[in-house]
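Subject: Structure handover

Hello,

Here is the structure for your files. My notes follow below it.

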Amino acid sequence: MRKWKYYCLNFLSFFAISIVNTQMIPFLSAVGYDVVMRGYLLAGNALIAIFGQFLFGYICDKYKRIKPFFALAYALFLISGILMFWQNRQLFWYHMCSVALSGGMVKVIMGLNETWMLEADGEHYGILRCFGALGLTIGSPIAGWLSDTFGYLSLILTLSGVSALVFFFVCLVHDVKKSGGTIHVASLKQLMKNIPYVLLVVIYLLVYMIGTADQYVVVDKMLDLGEPHAMVGIKWALQSFMEVPLFLLSGKLLQKYKPSVLLIFGTLMYGVKFFLYAFVQSGIWIIAIASLQLVTLPIIMLTSKILIKEVTPKGLFSSAQMFAMAIFIGGSGLITPLITSFLCDRYGYDMTLYLVALFSIVPVAVILIYLQVMKSVRREGI
């Protein structure tokens with residue numbers, strides 16, 4: 001019985017991630033960066049995430065190992081996270097490097113973790129993901145409380161202590177041989193000729209642009225309302241916890257509803273969620289609305305894997321997934337902070353959130369186009 005070691009590794013690594021993820025924006029705000037400068041700093045995350053996902057995906061595929069590269073990515077995350085919190089004066093380029101590397105490595109670690117856990121124990125993957133969500137759920141409010149009570153040095157010490165345990169369990173668990181493929185130029189050319197696939201990448205890019213605003217604009221609004229850092233942590237914790245039921249019930253959900261129906265529903269619920277975010281004017285209500293995470297991001301994540309698999313040849317599935325994730329996760333992380341920081345500075349947080357809610361109509365329109373294209377493809381295939 002070695003599963004408990006993977007459970008502990010998942011819990012601890014996501015606990016550490018929650019310390020950096022939940023307190024990054026409050027920290028940058030406390031240091032004195034305005035919303036536009038924070039947008040530039042956060043956009044750097046996406047560039048590192050895109051480059052890192054390609055790089056680590058390539059070297060894991062080349063050497064058919066995950067464990068040593070997970071440890072390397074985690075070490076980069078740890079060092080850059082400590083450096084970020086260490087300097088609480090405005091040093092733009094210093095924080096550009098530390099924020100970009102720590103935030104970018106979060107995405108790389110999550111990607112490597114997902115591949116590792118699937119290979120290690122695919123049968124219990126849902127439970128493994130639940131332990132990761134539990135790490136985020138517990139770590140997020142603790143990080144906020146530590147920040148408010150003891151300052152950012154306490155975050156450095158906690159991050160270091162948890163990370164020591166992460167490396168301990170990395171040494172204990174067994175490595176697996178990576179079965180996924182890397183992204184080749186020939187594969188990309190073939191995928192770019194696949195119209196349904198291209199439409200899906202566009203759809204998920206648009207949807208993730210909405211979801212990314214939840215991490216940035218909503219947190220900025222909470223800080224503008226004068227909410228303490230602990231409240232931001234509670235919001236993250238609730239959202240992480242609300243993802244657990246879908247991981248456990250995804251099979252039954254897919255038996256009852258088509259993935260395309262779930263995708264439309266999840267996208268429309270994003271619009272409802274952001275309309276409510278804009279309407280309310282207290283941290284408590286924002287946290288309550290954050291519970292709608294149950295019917296947004298987890299559904300979007302689930303449908304992305306299924307729909308992309310449906311429209312790509314078996315031999316290109318790994319490349320299709322890797323390229324799509326790099327575009328819609330990395331691309332949204334780059335585009336959203338730049339656009340929303342400008343809108344927030346010009347029109348305020350509430351109007352920006354209303355615009356984000358209205359924007360949900362765009363991916364729904366592209367989904368309807370995609371469904372018409374798929375009808376044509378199926379007719380031609382008959």
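Start with the second largest pocket: Lys258, Pro259, Ser260, Leu307, Glu310, Tyr370, Leu371, Met374, Lys375 and Arg378 line it. On a 1 Å grid over the protein atoms alone, a pocket is an open set of points where a 1.4 Å probe fits, with protein on both sides within 12 Å along at least five of seven lines; lining residues have an atom within 4 Å of a point. About 210 Å³ of space lies in this second largest pocket. That volume is the space filled by probe spheres set on the points, which are joined across faces, edges and corners.

Before going on, the ground rules. This is a predicted model, where local features need pLDDT of at least 70 and side-chain atom pairs count only at pLDDT 80 or more, while totals for chains, interfaces and linings use all residues. Residues are numbered from 1 along each chain as its sequence is written, and side-chain values use heavy atoms, with hydrogens and water left out.

Back to the second largest pocket. Helix 11 (259-279), helix 13 (297-311) and helix 16 (361-381) each give two or more residues to its lining. Helix 16 gives the most, with five residues. Helices here are DSSP runs (H or I, at least four residues), numbered from the N terminus. By type, the lining has five nonpolar residues, one polar and four charged.

Val377 also lies in helix 16. Val377 counts as partly exposed because its relative accessibility is 39%; buried means under 20%, exposed over 50%, partly exposed in between (1.4 Å probe, protein chains only). Its C-alpha atom is 9.7 Å from that of Ile195, 182 residues apart along the chain.

The largest nonpolar core has 107 residues. A nonpolar core is a set of buried Ala, Val, Leu, Ile, Met, Phe, Trp, Tyr and Cys residues joined through side-chain atoms within 4.5 Å. Leu9, Phe77, Phe85, Trp116, Tyr197 and Phe274 have the most contacts inside the largest core. Helix 8 (residues 195-224) gives the most to this core, with 19 residues. Another core, of six residues, lies apart from it and includes Leu246, Leu262, Met269 and Val295.

Trp116 touches, among others, Tyr6, Leu9, Phe70 and His174, not counting residues up to four places away in sequence. Contact means heavy atoms within 4.5 Å.

Last, the cysteines. The structure holds zero disulfides (cysteine sulfur pairs within 2.5 Å). The sulfur of Cys8 is 14 Å from the closest cysteine sulfur, in Cys171, so that pair is too far for a bond.

Regards

Technical notes:
Nonpolar A, V, L, I, M, F, W, Y, C, P; charged D, E, K, R; others polar.
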